[in-house]
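User: I'm new to this one. Can you walk me through it?
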2 protein chains.
Amino acid sequence: MTSTRVAVLGTGLVGTSIAMAAIRAGDRPVGWDADAGHAARAAERGGFAAAASLEEAVHDADLVIVASPIGTLADVSLRALGASTAAVVSDAGSVKGAVVREVTAGAGEDARRFVGGHPMGGSERSGPDHASASVVDDIVWVLTPTPASDPVAVDRLEAWIRSIGARPMRMEPSRHDRLVGFVSHLPQIAATSLMGLVADEEAGEPEILLLAAGGFRDLTRLAASNPGLWSEILLSNRAAISEAVGLYVERLLRLRDLIGAAAGEDVRSAFATAKAARLSLAAKPQVRSGVAVMQVPIPDRPGALAQLTAALGESGVNIEDLQIVHSPEGGRGVVHLMVAATSADVAATTLAAQGFDPTRLA
Amino acid sequence: MTSTRVAVLGTGLVGTSIAMAAIRAGDRPVGWDADAGHAARAAERGGFAAAASLEEAVHDADLVIVASPIGTLADVSLRALGASTAAVVSDAGSVKGAVVREVTAGAGEDARRFVGGHPMGGSERSGPDHASASVVDDIVWVLTPTPASDPVAVDRLEAWIRSIGARPMRMEPSRHDRLVGFVSHLPQIAATSLMGLVADEEAGEPEILLLAAGGFRDLTRLAASNPGLWSEILLSNRAAISEAVGLYVERLLRLRDLIGAAAGEDVRSAFATAKAARLSLAAKPQVRSGVAVMQVPIPDRPGALAQLTAALGESGVNIEDLQIVHSPEGGRGVVHLMVAATSADVAATTLAAQGFDPTRLA
């Protein structure tokens with residue numbers, strides 16, 4: 001495929017980043033946003049042209065990526081299909097079933113040019129000012145073609161995704177939604193529910209959070225996410241969420257009942273199974289050789305963490321993950337460090353030479 | 001109070017650390033362990049005497065701290081009360097109701113010399129080799145006296161805890177157990193259940209973890225904890241856990257039902273309440289001025305994190321918390337950084353001067 005004429009509809013963080021990755025790959029993208037000022041800012045940041053209307057943006061396009069807010073995806077995709085005759089249209093929403101259903105039902109013959117998509121990255125910040133071509137580097141970009149989709153359109157889209165640096169993965173819309181229900185939406189609900197529960201308790205027990213340690217903070221970090229965005233996402237994945245929450249609740253109650261029945265062996269076994277699964281969950285999938293987890297006590301003063309990370313950097317050890325675990329009352333800190341298993345010995349030697357006292361956990 | 005003759009029964013990480021903190025405060029502790037080799041190693045590490053028997057250890061003591069495995073706490077405490085005539089005996093178990101009940105019922109008149117305790121720190125590592133006096137620095141040390149406890153004994157214990165650097169906090173045994181049920185035991189159960197659920201799903205959906213991002217890792221980190229230890233802890237706090245899991249499940253189902261009913265305003269409101277609570281949960285209680293949370297994109301190469309932490313260290317900014325958030329597929333990383341709110345401007349300026357692009361989240 002030579003240079004592709006790409007139209008990006010919706011120039012927030014994801015849309016602008018995709019446009020910037022397209023430029024990097026030699027394409028000439030054009031951007032449009034329902035908010036013209038938004039589009040102008042994005043175009044300036046990304047170095048692409050802003051179109052005055054959706055129709056102008058897609059008129060000439062080979063490929064249209066719809067990255068507008070989740071509630072508008074189907075409508076904008078239908079408008080894009082209607083305003084073009086040959087462009088492949090895809091979206092960038094984090095839930096796929098509803099959009100794919102609506103567009104397929106509403107587009108008639110044009111539905112063959114539509115393929116749902118979900119580029120899985122870059123959602124931590126928002127707005128074009130934080131966009132970057134690197135947002136799409138190596139990310140999994142799920143595509144959800146249906147029997148109505150033209151296989152040639154799917155192939156073209158897939159090739160283009162590869163050309164801008166991401167990794168396409170085909171999946172049925174309902175399967176995608178079911179899986180993100182478990183690993184993305186359920187954690188969000190679990191964190192929000194735990195934080196809400198303890199916040200209610202705190203009203204009558206103001207000292208409760210003095211007893212909360214790092215584990216509680218881990219479990220509730222996600223509760224600080226954007227309420228409006230998450231409400232939209234969750235409402236558009238109701239069936240998958242209902243299943244995931246239902247299975248989660250069953251499992252919680254089963255474990256509660258085992259504990260209540262003092263079935264020590266069964267409780268131990270449930271914990272051992274989960275522990276094995278958690279340890280096999282590599283920090284990042286590309287660390288094929290496995291990771292080593294180390295625990296390093298660290299004094300709570302400016303510069304201490306710098307000394308640790310500088311020493312590892314000088315020894316060529318890449319830190320895969322690092323988390324500071326404080327005691328519930330602060331003071332001392334312990335760092336949980338994850339490095340490639342092949343770097344574990346170098347990391348341990350380096351840290352010991354600097355006066356640290358690392359323990360390998362896994 | 002002048003130098004206290006302290007006997008520590010059980011010389012694992014917690015017991016040995018307490019003995020070391022006592023030495024630092026000018027006491028002359030003696031240690032005993034059911035495993036004599038264990039006691040000898042601890043005594044060498046800590047610089048205290050190892051007693052040949054429990055009776056020898058407590059014979060002469062003013063104060064006895066029982067830090068043996070949770071299942072043995074009541075028995076060892078009763079033996080210590082029986083082998084001494086005036087010593088105040090306390091334990092270091094993480095669940096209080098059962099121990100306090102058993103000792104109070106079994107000790108007769110001697111129960112007045114017993115006060116349950118829970119020093120809340122130092123549990124991340126185990127064994128005397130990782131013990132340190134600093135493990136007790138500034139930690140909350142819960143004491144759970146009952147009407148049977150002699151108020152003079154409680155006062156003496158409390159003064160001693162202060163003398164070795166920790167912060168005593170009185171609480172009824174059942175209240176302690178209820179609160180740790182919510183903020184310590186429930187998170188453990190929630191993490192283990194989520195990891196177990198997704199591990200089961202993975203059997204039929206091998207690609208599921210390719211869609212898992214940092215949030216899933218946060219929510220399941222605790223699942224890698226010690227199964228045997230946690231089984232013991234949970235089984236000894238069954239009533240509190242039953243209540244906490246029950247309320248958590250109710251809340252999960254309520255949120256699921258709101259999502260199922262597409263009650264967007266109610267879902268948004270549940271998320272907004274939890275978000276406000278999470279943001280007000282300071283990284284560490286002593287950071288009274290509040291904390292600032294920043295997000296900083298960071299290249300995934302050796303030395304990048306070192307540059308960030310070194311720059312902050314040189315500017316005198318103490319990092320309260322730091323977590324690397326990877327995209328599900330690795331590559332770019334984003335650091336979530338927590339600093340005291342009063343240091344936020346300096347941190348932002350310092351990072352920008354080094355070419356980083358921090359965004360303040362809270």
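This is a predicted model: local features need pLDDT of at least 70, side-chain atom pairs count only at pLDDT 80 or more; totals for chains, interfaces and linings use all residues.

User: With the two chains. What rotation superposes chain B on chain A?

Analyst: A rotation of 180° does it, with 0.0 Å of shift along its axis. The RMSD is 0.1 Å. The two copies are thus related as by a two-fold rotation axis.

User: And the surface they use? How many of the contact residues of chain B recur in chain A?

Analyst: The figure is 99%, and the same surface serves both copies.

User: How many residues are in contact between the chains?

Analyst: On chain B, 112 residues are in contact with 112 residues of chain A.

User: Which elements of chain B give two or more residues to that side?

Analyst: Several helices and a strand. The helices are H7 (173-204), H8 (214-220), H9 (227-235), H10 (238-260), H11 (264-280) and H12 (304-314) of chain B. The strand is E10 (319-326) of chain B.

User: Which one gives the largest share?

Analyst: H7(B) does, with 19 residues of the side of chain B that touches chain A.

User: Let's zoom in on H7(B). At what angle do H10(A) and H7(B) cross?

Analyst: Roughly 125°, and their axes come within 9 Å. That makes H10(A) oblique to H7(B).

User: Left-handed or right-handed?

Analyst: The crossing of H10(A) and H7(B) is right-handed.

User: Which residues meet there?

Analyst: From H10(A), they are A:Leu247, A:Tyr248, A:Arg251, A:Leu252 and A:Leu255. They meet B:Ile189, B:Ser193, B:Leu194, B:Gly196 and B:Leu197 in H7(B). By class, this contact of H10(A) with H7(B) divides into 7 nonpolar, 2 polar and 1 charged.

User: Now H7 of chain A. How do H7(A) and H11(B) cross?

Analyst: They cross at roughly 70°, with axes that come within 9 Å. H7(A) and H11(B) are therefore roughly perpendicular to each other. H7(A) passes H11(B) in a left-handed crossing.

User: What does H7(A) bring to that spot?

Analyst: H7(A) brings A:Thr192, A:Met195, A:Gly196 and A:Ala199. In H11(B) they meet B:Ala270, B:Phe271, B:Thr273, B:Ala274, B:Ala277 and B:Arg278. The contact of H7(A) with H11(B) has 6 nonpolar, 3 polar and 1 charged residues.

User: Changing topic. What is the strand order in the sheet of chain A?

Analyst: The order is E3-E2-E1-E4-E5-E6-E7-E8 in chain A. It is an open sheet of 8 strands with mixed pairing.

User: Why is one side of E3 and of E8 in chain A left without a neighbour?

Analyst: E3 (49-50) and E8 (167-170) of chain A stand at the edges, each with a single partner strand, so one side of each has no neighbour in the sheet.

User: In what sense do E1 and E2 of chain A pair, parallel or antiparallel?

Analyst: E1 (residues 6-9) and E2 (residues 30-32) of chain A pair in the parallel sense, over 3 bridges. In that region, A:Val8 stands opposite A:Gly31 in E2(A).

User: What does H5 of chain A touch in the sheet?

Analyst: H5 (residues 97-107) of chain A touches E5 (88-91), E6 (114-119) and E7 (140-144) of chain A as it packs on the sheet. The direction of H5 makes about 160° with that of E6(A).

User: And chain B, what order do its strands have?

Analyst: Chain B has an open sheet of 8 strands, ordered E3-E2-E1-E4-E5-E6-E7-E8, with mixed pairing. E3 (49-50) and E8 (167-170) of chain B are its edge strands.

User: How do E6 and E7 of chain B pair?

Analyst: E6 (residues 114-119) and E7 (residues 140-144) of chain B pair in the antiparallel sense over 4 bridges. B:Gly117 stands opposite B:Leu143 in E7(B).

User: Last one. At what angle do H12(B) and H13 of chain B pack?

Analyst: At about 130°, with their axes 9 Å apart; H13 of chain B is residues 344-353. That makes H12(B) oblique to H13(B). Their crossing is right-handed.

User: Which residues meet?

Analyst: B:Leu308, B:Ala311 and B:Leu312 in H12(B) meet B:Ala347, B:Thr350 and B:Leu351 in H13(B). The residues of this contact divide into 5 nonpolar, 1 polar and no charged.

Note on methods. Residues are numbered from 1 along each chain as its sequence is written. Chains are lettered from A and ligands numbered from 1 in the order in which they are written. Two residues are in contact if their C-beta atoms, placed from the backbone, lie within 7 Å. Axes are lines fitted to C-alpha atoms, for helices over the stretch in contact, and angles run from 0 to 180 degrees between N-to-C directions. Angles under 35 degrees count as roughly parallel, over 145 as roughly antiparallel, 65 to 115 as roughly perpendicular and the rest as oblique. A crossing is left-handed if the near helix is turned anticlockwise from the far one by less than a right angle, and right-handed if clockwise. Ala, Val, Leu, Ile, Met, Phe, Trp, Tyr, Cys and Pro count as nonpolar, Asp, Glu, Lys and Arg as charged, and the others, Gly among them, as polar. Copies are superposed by least squares on the C-alpha atoms of residues with pLDDT of at least 70 in both. Two strands pair if DSSP finds at least two bridges between them.
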